[in-house]
Amino acid sequence: MSETDERDPAELTDEEWRERLSDEEYRVLRESGTEAKFSGEYVDHHPEDGKYECRACGTVLFEAETKFESGCGWPAFYAAEEESVTTTVDTSHGMRRTEVRCANCDSHLGHVFDDGPEPTGKRFCINSVAMEYDDE
């Protein structure tokens, strides 16, 4: 999303989201899709600092220091910026999971599981296409 656009993401129409996002970004972020396992640009990305932001609106979601290698095929974090994400029950595909969404623009990011490392015990399993890395 353009830094010069000051509109509230909640006000954007479906057509405006389609114009702003690539087809794959739209499928994941706006239609709750999932990228293929081990295909995302951030799966093997392990910086020591920086942050990961929502690709749709720029909200800071995760600090790089919380990223860990989980072997799940998607970038994994043990903690999120609490005010930046919301969770809801997802019963799609015959499973019961906890979906993670951006609190600012309501875009689908991935899922969170209770099998992560200390100190939280959480594993936020997030689609690479849902994020952008910022090294500042």
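Reader: What volume does the second largest pocket have?

Author: Rolling a probe the size of a water molecule over the atoms shows where empty space is left. In this predicted model, the second largest pocket comes to about 160 Å³.

Reader: Which residues are closest to the centre of that pocket?

Author: The lining has 13 residues, and Thr-34, Trp-74, Arg-97, His-111 and Cys-125 are the closest to the centre.

Reader: Which elements give two or more residues to the lining?

Author: Strands S7 and S8 do. S7 gives the most, with four residues.

Reader: How many cavities of 30 Å³ or more does the structure hold?

Author: One. The volume of the largest cavity is about 40 Å³.

Reader: Which residues line the largest cavity?

Author: Among them are Phe-38, Val-43 and Lys-67, along with Cys-72, Gly-73, Trp-74 and Pro-75.

Reader: Where is Asn-127 in the chain?

Author: Asn-127 is placed in the loop between strand S8 (123-126) and strand S9 (131-134).

Reader: Is Asn-127 buried or exposed?

Author: The way to read this is by relative accessible area, where under 20% means buried. Asn-127 counts as buried because its relative accessibility is 3%.

Reader: What does the side chain of Asn-127 reach?

Author: The backbone nitrogen of Glu-35, at 3.0 Å. Leaving aside residues up to four places away in sequence, Asn-127 touches Val-28, Gly-33, Thr-34, Glu-35, Trp-74, His-108, Leu-109 and Gly-110.

Reader: Which residues have the most contacts inside the largest nonpolar core?

Author: That core has 25 residues, and those with the most contacts inside it are Phe-62, Leu-109, Phe-124, Ile-126 and Met-131. Helix H2 (23-29) supplies at least two residues of the core, as does each of the strands S1 (51-54), S2 (60-63), S6 (97-102), S7 (108-113) and S8.

Reader: What does Met-131 touch?

Author: Not counting residues up to four places away in sequence, its contacts include the core residues Phe-62 and Ile-126. Tyr-42, Tyr-52, Glu-53, Arg-55, Leu-61, Pro-75 and Phe-77 are also touched by Met-131.

Reader: What does the UniProt annotation "domain: MsrB" cover?

Author: According to the unreviewed UniProt entry, residues 14-136. In the model, the end C-alpha atoms of that span lie 31 Å apart, and the span is 11% helix and 31% strand.

Conventions:
Residues are numbered from 1 along each chain as its sequence is written. This is a predicted model: local features need pLDDT of at least 70, side-chain atom pairs count only at pLDDT 80 or more; totals for chains, interfaces and linings use all residues. Side-chain values use heavy atoms; hydrogens and water are left out. Buried means under 20% relative accessible area, exposed over 50%, partly exposed in between (1.4 Å probe, protein chains only). A polar contact is a pair of N or O atoms within 3.5 Å; within protein, one must be able to donate a hydrogen and the other to accept it, and residues adjacent in sequence count only if both atoms are side-chain atoms. Contact means heavy atoms within 4.5 Å. UniProt positions are given in the numbering used here, feature names are shortened, and annotations may be inferred rather than shown by experiment. A nonpolar core is a set of buried Ala, Val, Leu, Ile, Met, Phe, Trp, Tyr and Cys residues joined through side-chain atoms within 4.5 Å. On a 1 Å grid over the protein atoms alone, a cavity is a set of points where a 1.4 Å probe fits but cannot get out, and a pocket is an open set with protein on both sides within 12 Å along at least five of seven lines; lining residues have an atom within 4 Å of a point. Grid points are joined across faces, edges and corners, and a volume is the space filled by probe spheres set on the points.
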